[in-house]
Amino acid sequence: MTLSLSAERVRQFGTTIFAEISALAVQCGAVNLGQGFPDFAGPEWVKQAAIEAITADANQYAPYIGVPRLREAIAATWQAQGWRTVDPVTEVTVTSGATEALFGAVQALVNPGDEVILFEPFYDAYLPDVTMAGGIPRFVRLHPPGDGHATWWFDPAELQAAFSPRTRLLMLNTPHNPTGKVFRRDELEQIADLCQTYDVIVISDEVYDQLVFAGATHIPIATLPGMWERTLTINSLGKTFSLTGWKIGYAVGPASLNAALRAAHQWITFATATPLQFAAAAALEGALHNGYYEQFRAEYTARYRLLEEILVSVGFPVLPTEGSYFLMADITPTGFHDDVTFCRYLTQEVGVAAIPPSAFYARQHDLPLLARFCFAKRPETLRAAQQRLLAWRQRS
């Protein structure tokens, strides 16, 4: 019997390039600047809060919508940022990471045959989420800086053409992975106007909201006029507190959209780790008063500038990053004709792992020739990568 055991909805996915590059990095002993997670510890005071919660026996199932203290801390964070007064009872839902929130929201809001707009390149989970819900993706290309544009940009006419009476959802990511783009207010207003005209819901992935560099400002699209009622904003503790393995995500939005998400969430994970929710609450509460966010941005600015300096020193022009902890480098000077071959070579022969951005595109034509590097790393890790890159350039 040779029939595949996989259901049709997942058969097309296969092994991702991320898994391949990570396995190659381990096999070759490469410095891994590909995977998007820190190689350093999260704050000691947040870890201590988790220990205290475990010791206090907060170890049974949490309420499926999240422990009240964490939902209240999320609402307080929104208010402290000047974004909105949020009801923690009906307008906040805790999930097992942002990835679960994204998956649950798409399953809860998209019917088979509904169209979903994705900005391309996109975070790799978006397309499988849409596919498994039976949605039909419609893509809008983000273009690299050039042609009078200082940062990544989209064509407003292409965006408008993507909307139709069948459009149900638009998935937004700002700050954006992998490009590092932070959507400007005028761009968000264009998106908002079209969403209101066509009665479209927005799922806005804002996990890097605290990681924005000088010159850029993060604006939640939910704060624009007329957008709160149709926006579900997704976030996570993992990126902001360097605790990606905790998988504490959450969604903020009107009661109607949270009710839809909760209907799916209860059958996906039901609840999220109880002691880690209490520690996440302590993290958000503390960060509002102890200067954590300012220190966080300052440390990441230093890492960003260090990796930028390293890549330029070995002949890679870099594209500007406005937010997130990724940097895109132009690899055309290497003579390689595709990013996958280059990243495999870089990992195996040079000993530095990067991710080929073509993995973030559905349409594989007219792609910029780039590589994505992660700077959520210790300075010594980045310097180790520099030594290997310099040795390679000296040989070539």
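Is Asp39 buried, exposed or partly exposed, and what is its relative accessible area? Asp39 is partly exposed, at 26%, where buried means under 20% relative accessible area, exposed over 50%, and partly exposed in between (1.4 Å probe, protein chains only). Keep in mind that this is a predicted model, in which local features need pLDDT of at least 70 and side-chain atom pairs count only at pLDDT 80 or more, while totals for chains, interfaces and linings use all residues. Residues are numbered from 1 along each chain as its sequence is written, and side-chain values use heavy atoms, leaving out hydrogens and water.

Asp39 forms a salt bridge with Arg378, their closest N and O atoms being 3.4 Å apart; the term stands for a side-chain nitrogen of Lys or Arg within 4 Å of a carboxyl oxygen of Asp or Glu. The two residues lie 339 residues apart in the chain. Arg378 is also partly exposed, at 36%.

Let's look at another pair. Glu285 forms a salt bridge with Arg69, with the closest N and O atoms 2.8 Å apart. This pair links helix 11 (residues 274-287) to helix 4 (residues 68-80), helices being DSSP runs of H or I with at least four residues, and strands runs of E with at least two, numbered from the N terminus. Glu285 is partly exposed at 30%, and Arg69 at 34%.

Seven of them form an open sheet in the order 2-8-7-6-5-3-4, with mixed pairing; two strands pair if DSSP finds at least two bridges between them. Its edge strands are strand 2 (92-95) and strand 4 (136-141). Strands 6 and 7 run parallel, joined by four bridges, and Val202 stands opposite Thr231 in strand 7.
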